[in-house]
Amino acid sequence: MHIVILSRKPTLYLNKKLENLAKSDGIKLTIIDPLDCKLLLDGDRSQILVHGKPLPKVDFVIPRMGTTILSYGLSVLRHFELMKIPVLNSSLAINSMLKRYEYLQLLAVHPNINTTKSILIRKSEQIKDAIPQVKGPPAMLKMMSDGSKLGAMLIDKLSTAESFIDVNSIMGGAGQIGQSIIIEEFIKEANGKSINVIVLNNKVIGCYFKIKAFNLKQSATLLVRETQGFIKPSNEIETMAILATQQLNLDFAKVSFLESIDGPKIFEVSFNPQIDIFEKEPSFQIPAKILAHSISCIKERAMTGMLNE
């Protein structure tokens with residue numbers, strides 16, 4: 001049994017934990033930098049070369065790649081899929097997550113999923129008109145570039161928006177190639193608290209809250225404090241988190257919520273959740289559950305292969 005983790009950083013918490021767990025279970029686990037992979041496309045003889053040598057037989061792949069190398073990383077992951085090797089989060093599912101607004105659109109069409117009200121624009125001069133359309137001010141402004149968040153700020157009054165527009169115009173403005181702006185409703189009753197649910201194979205395996213405190217007296221609203229801890233999600237949040245991963249075809253994800261007077265709303269989903277916070281509370285056993293899921297997929301594939309013979 002051979003499991004591969006695609007990651008540039010072997011020392012990350014989840015990578016090291018999985019490596020140690022696999023070793024204690026007698027399972028071979030290799031952490032490979034996707035940029036070290038050469039992809040040989042040759043029909044049913046296609047293979048992946050690492051440092052010039054063919055990769056030994058692989059039974060399962062866990063992608064843990066950052067956005068900086070994701071384009072090539074997805075090509076590597078897709079090559080494993082071409083070789084009929086099961087993966088944790090398919091290349092197709094990850095690719096659909098690269099643009100935040102597009103995956104929110106996919107969630108918004110589901111009748112039992114609520115998302116935060118938001119507007120996508122490309123011109124900074126559209127900000128002032130967009131803010132009232134999401135019940136602001138206040139409203140959240142998020143700068144995006146090819147799916148990656150460049151930054152976020154709380155627009156507490158229209159004069160702040162005007163200042164942003166002036167500065168943005170001087171700097172060249174949004175609307176440059178690949179850049180866009182999301183104006184998102186500010187849910188005051190959430191009090192800066194987000195609820196983050198970790199889902200694996202249609203099951204919630206962990207949940208934590210994060211509270212961001214802003215200095216609302218400043219003209220440019222600044223984050224002054226952040227606290228976090230563990231929490232048990234409500235049945236409504238748990239159900240919606242699972243529905244969201246199903247809608248986006250994700251096996252493993254973090255689904256983030258804000259609680260409003262209209263109920264919980266999803267504002268973000270991550271296909272590559274960082275779970276370092278759970279190092280403080282090992283009882284969640286998230287790495288062990290990921291490894292167990294990987295082994296289950298390998299055994300299921302082997303059983304299917306035997307039945308088809």
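This is a predicted model: local features need pLDDT of at least 70, side-chain atom pairs count only at pLDDT 80 or more; totals for chains, interfaces and linings use all residues.
The protein has 309 residues, and 47% of them count as buried. Its secondary structure consists of 8 helices and 15 strands. Contacts in the protein were also sorted by separation along the sequence. Among contacts between residues at least 6 apart, 66% join residues at least 24 apart.

Helix H1 covers residues 13-24 and so has 12 residues by the DSSP assignment. From its first C-alpha to its last, H1 reaches 17 Å. That span is close to the 16 Å expected at 1.5 Å a residue. Several residues of H1 are buried. These are Tyr13, Leu14, Asn15, Leu18 and Ala22. Just after the helix comes Gly26, which takes a positive phi of about 75°.

Strand S3 spans residues 37-40, and strand S4 spans residues 47-50. The two pair in the antiparallel sense, over 4 bridges. In one of these pairings, Leu39 has Ile48 of S4 as its bridge partner. S3 and S4 form a hairpin, with 6 residues between them. The turn of this hairpin contains Gly43, whose phi is positive at about 55°.

Strand S4 also pairs with strand S5, made up of residues 53-54. Here 2 bridges join the strands, which again run antiparallel. Val50 has Lys53 of S5 as its bridge partner. S4 and S5 form a hairpin too, with 2 residues between them. In this turn, His51 has a positive phi of about 55°.

About 40 Å³ of space lies in the largest cavity. Its lining includes Pro63, Arg64, Met65 and Leu70. Leu88, Asn89 and Ile94 also line the largest cavity, as do Phe271 and Asn272. By residue class, the lining divides into 6 nonpolar, 2 polar and 1 charged. Arg64 is the charged residue, because Arg belongs to the charged class.

Conventions: Residues are numbered from 1 along each chain as its sequence is written. Side-chain values use heavy atoms; hydrogens and water are left out. Two strands pair if DSSP finds at least two bridges between them. On a 1 Å grid over the protein atoms alone, a cavity is a set of points where a 1.4 Å probe fits but cannot get out, and a pocket is an open set with protein on both sides within 12 Å along at least five of seven lines; lining residues have an atom within 4 Å of a point. Grid points are joined across faces, edges and corners, and a volume is the space filled by probe spheres set on the points. The expected span of a helix is 1.5 Å times one less than its number of residues. Buried means under 20% relative accessible area, exposed over 50%, partly exposed in between (1.4 Å probe, protein chains only). Contact means heavy atoms within 4.5 Å.
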